[in-house]
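Below is a short briefing on one protein chain.

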Amino acid sequence: DLLHICHTPISIGTLENMVKRTADKARPVWEGFRQSLENTTGSVGSDETGAKVNGNKHWVWVWQTTFITFLVASSSRGADVIQQWFPKGFLFATMCSDRWGPQLKTIAKGRQLCLAHLLRDFEFLIQSEKTIWASQFKEILAQAIKLKQLNPVYSKNHPNTLLLEQKLNDLLLQQIPDQTAPKTFTMKKSMTKWREALFPFLYDPLVSFDNNASERSIRNLKVKLKVSGQFKSAQDEYCILRSVIDTTIKNGQSVFEAIAAIIHLPSPPKAAV
């Protein structure tokens, strides 16, 4: 425990103040992550997950790239959070997400749906409504993933991608009976609407077919919540410091040295915090 490690008794309040001071010093670095994401090229992944704060439902949002993680805690799961932090969206990047409405409304150069989520959705349709259409669609997604694994990028006129795109177009033209397979019918409408967000990863080496990196960025939070159950306070400080830690790890740097460097920074003026 802390008494044996530090050889002095340290109260919970003292620890909370230490975390707050460190997060306040790290805030400009964290804000720099946001600005870098706003101007990034390539691909940006985003996700959100529930997190209780004093018994109330909150959400922790993540926006991330290969080199940056930016976490934000909010009492909202709506588009207002995106508008607050990324009002300009991602004008130079393809955004990868699941089919959560506010994410799909984010301004972006391009859009990629997470195929890992879609594969699970289609497996549910296959099990619940047993339509041939759902099985065929899932197979097309699996074929697209296999192409990506064989080669990081394809041209628009490559024979394999031309064939796959045609299969997808033909499948979307099929009629689904809304009375006997209502969930599949709804999914077909969604896939038709977001047709252009299914295969961008085939034509851009920087775009992934899944959003698993975003889920990994919030995994530490889920582990913490399994232990503590909720935040009593300091959810914002957690997001700032975890963003720094995760970004440091992504760039192959020492977390200890990064946090130590932040601790040794001068304290910001109170009005700036």
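Buried here means under 20% relative accessible area, exposed means over 50%, and partly exposed is the range in between, with a 1.4 Å probe and protein chains only as cover. Helices (H or I, at least four residues) and strands (E, at least two) are DSSP runs numbered from the N terminus. This is a predicted model, in which local features need pLDDT of at least 70 and side-chain atom pairs count only at pLDDT 80 or more, while totals for chains, interfaces and linings use all residues. Residues are numbered from 1 along each chain as its sequence is written, and side-chain values use heavy atoms, with hydrogens and water left out.

**Overall**

- The chain contains twelve helices and five strands.
- The C-alpha trace spans about 70 × 40 × 35 Å along its principal axes.
- Of the 273 residues in the chain, 45% are buried.

**Strands and their pairing**

- Two strands are taken to pair if DSSP finds at least two bridges between them.
- Strand β3 (residues 69-74) is mostly covered, with six of its six residues buried.
- From β3, T69, L71 and A73 point one way and F70, V72 and S74 the other way, and all are buried.
- Strand β1 (residues 42-53) has ten of its twelve residues buried, so it is largely enclosed by the rest of the structure.
- β1 runs antiparallel to strand β2 (residues 56-64), and nine bridges join them; A51 stands opposite H58 in β2.
- β1 also pairs with strand β4 (residues 90-97), in the parallel sense and over four bridges; V44 has M95 in β4 as its bridge partner.
- β2 and β3 run antiparallel and are joined by six bridges, with Q64 partnered by T69 in β3.
- The hairpin from β2 to β3 passes through four residues.

**Positive phi angles**

- N54 is not a glycine, yet has a positive phi of about 55°.
- N54 lies in the loop between β1 and β2, a hairpin with two residues between the strands.
- With 42% relative accessibility, N54 counts as partly exposed.
- K130, also a residue other than glycine, has a positive phi near 55°.
- K130 sits in the loop between α5 (115-129) and α6 (132-150), and is exposed at a relative accessible area of 65%.

**Salt bridges**

- A salt bridge is counted when a side-chain nitrogen of Lys or Arg is within 4 Å of a carboxyl oxygen of Asp or Glu.
- The structure holds nine salt bridges.
- K20 and D24 form one at 3.1 Å, N to O. They are four residues apart in helix α2 (residues 12-38), and therefore separated by about one helical turn.
- K20 is partly exposed at 38% relative accessible area, whereas D24 is buried at 12%.
- K20 and D24 are linked with R27 in a network of salt bridges.
- E48 and R77 meet in a salt bridge of 3.1 Å, N to O. This pair links distant parts of the chain, with E48 in strand β1 and R77 in the loop between β3 and α3 (79-85), 29 residues apart.
- E48 is buried at 7% relative accessibility, while R77 is partly exposed with a relative accessible area of 30%.
- R195 and E165 meet in a salt bridge of 2.4 Å, N to O. This pair, too, links distant parts of the chain: R195 is in the loop between α8 (182-193) and α9 (212-217), and E165 is in helix α7 (residues 159-173), 30 residues apart.
- R195 and E165 are both buried.

**Surface patches**

- Patches are made of residues with over 30% relative accessible area and no salt bridge; like charges are joined within 9 Å, and nonpolar side chains (Val, Leu, Ile, Met, Phe, Trp, Tyr) within 5 Å.
- Lys and Arg count as positive and Asp and Glu as negative, with His and the chain ends not counted; a charge is placed at NZ of Lys, CZ of Arg, CG of Asp or CD of Glu.
- Accessible areas come from the Shrake-Rupley method with a 1.4 Å probe, and for residues only the protein chains shown count as cover.
- K52, K57, K222 and K226 gather in a surface patch of positive charge.
- K226 lies in helix α10 (residues 219-228) and is exposed, with a relative accessible area of 76%.
- L91, F92 and I107 form a nonpolar surface patch with about 290 Å² of accessible area together.
- L91 is found in strand β4 and counts as partly exposed at 47% relative accessibility.
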